[in-house]
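I opened my notebook to look this structure up piece by piece. Here are my entries, in the order I made them.

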Amino acid sequence: MLNTRAKCPPCLARAEEDDFAAAVLDGLSRPQKSLPCRFFYDARGSELFEEITQLPEYYPTRTEAAILEAHAAEMADGLPPGSVLVEFGSGSSLKTEILLRQLTQLGAYVCIDVSESALEAARARLAARFPTLDVRPIVGDFSRTVALPADLAERPRTGFFPGSTIGNLTPAEAGCLLQTFRACLDAGGRLIVGVDLKKDARRLHMAYNDSAGVTAAFNLNLLTRINRELAGTFDLAAFRHEAVYNPREGRIEMHLRSTRRQVAGVLGRPFRFGAGERIHTENSYKYTIAEFHELARRAGWQPTRVWTDESNLFSVHELVAGSL
Ligand code: AVJ
């Protein structure tokens with residue numbers, strides 16, 4: 001078993017508690033400059049991501065929603081009455097409603113997110129739409145072990161981690177996260193997880209290089225955020241969005257490429273860029289079903305069922321926790 005503490009670098013969902021300044025200064029000081037993708041999601045970034053999910057080229061969100069719609073009833077059956085649904089990084093909990101409509105035997109819905117405002121908005125909306133549902137928001141970082149409310153301790157648990165958020169992690173980090181979820185959900189617990197599939201590289205390229213330029217704006221917004229929050233002096237016109245599929249690693253990589261030799265300041269410190277030098281801003285890993293099964297098994301999960309769309313663009317996996 002991997003040691004979660006030692007091998008899990010800070011990865012996702014920690015944007016509100018961790019130090020943007022320290023992460024940016026550190027990332028830009030490396031020989032291969034990089035910025036953590038969790039900082040994309042300031043107010044403007046979240047808005048741009050929302051726009052991305054509506055783009056004709058960006059298939060993951062609508063495909064996953066369609067898979068959930070088509071198979072939610074199957075996902076629900078076999079769920080013991082009184083079960084607790086635990087969502088890791090629930091945000092608006094919008095996709096969750098597709099499941100909640102079918103999970104009529106649910107004992108409670110525990111939603112974990114770093115954003116207290118997002119949790120409160122979701123709680124209010126769910127209270128109106130599912131008046132009998134027991135909603136338990138927890139403000140916290142799902143990449144660390146989260147304790148569930150004591151009165152729910154004896155209930156069977158099902159985890160929910162949609163959106164292919166797991167693709168932002170390296171496979172090693174993803175394995176750590178699956179182990180953390182396993183610890184939270186206990187032996188016999190289930191996990192429903194959305195995973196984007198490997199596919200034709202042109203299709204992937206289009207999804208991350210949309211013709212309206214929304215993904216480019218989303219990527220470049222990171223520099224706007226640095227300029228605003230960290231007294232940055234990035235010239236937005238001198239960086240270009242780049243998204244490329246790396247077939248060896250099985251991931252889309254997003255970069256910001258400097259179009260010329262230049263210096264950009266952050267908190268009074270100068271960072272030099274050569275012409276063509278890149279800042280690596282995001283990885284989005286794609287898996288075959290077999291690859292994801294292997295990853296899950298190594299993290300203590302037994303793959304049980306998997307649902308996909310007709311074009312095999314996206315997968316939703318059901319995993320059952322093995323005993324430790
Ligand atoms: C939110 C991680 C699923 O990797 O596709 C969308 C983020 N980046 N376009 C993804 C993203 C560029 C997205 N995830």
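**Entry 1: two loops**

I looked up Ala231 and found it in the loop between helix H9 (214-229) and strand S6 (239-246). Helices (H or I, at least four residues) and strands (E, at least two) are DSSP runs, numbered from the N terminus. Phi of Ala231 is near 50°, a positive value in a residue other than glycine. I then turned to Leu267, in the loop between strand S8 (262-266) and strand S9 (269-273). Phi of Leu267 is also positive, near 50°, and Leu267 is not glycine.

**Entry 2: ground rules**

I noted that this is a predicted model, where local features need pLDDT of at least 70, side-chain atom pairs count only at pLDDT 80 or more, and totals for chains, interfaces and linings use all residues. Residues are numbered from 1 along each chain as its sequence is written, and side-chain values use heavy atoms, with hydrogens and water left out.

**Entry 3: the ligand**

Which residues surround the ligand? I listed Tyr41, Phe49, Ile52, Tyr58, Gly163, Ser164, Asn168, Tyr208, Phe218, Met254, Glu282 and Ser284. Helix H3 (43-52) and strand S10 (278-285) each supply at least two residues of the shell.

Next I checked polar contacts (pairs of N or O atoms within 3.5 Å). The side chain of Tyr58 has an N or O atom 2.5 Å from an oxygen atom of the ligand. For Ser284, the side-chain N or O atom is 2.6 Å from a ligand oxygen. Glu282 places a polar side-chain atom 2.7 Å from a nitrogen atom of the ligand. The protein covers 94% of the 360 Å² of accessible area that the ligand has on its own, by the Shrake-Rupley method with a 1.4 Å probe.

**Entry 4: a salt bridge**

How many salt bridges does a search of the whole structure find? I got 29. Each is a side-chain nitrogen of Lys or Arg within 4 Å of a carboxyl oxygen of Asp or Glu. I picked out Glu97 and Arg125, whose side chains meet at 2.8 Å, N to O. This pair links distant parts of the chain, with Glu97 in helix H5 (residues 96-100) and Arg125 in helix H6 (residues 116-129), 28 residues apart.

Terms used:
Near = heavy atom within 4 Å. Polar contact = N/O pair within 3.5 Å; in protein donor to acceptor, adjacent residues only side chain to side chain.
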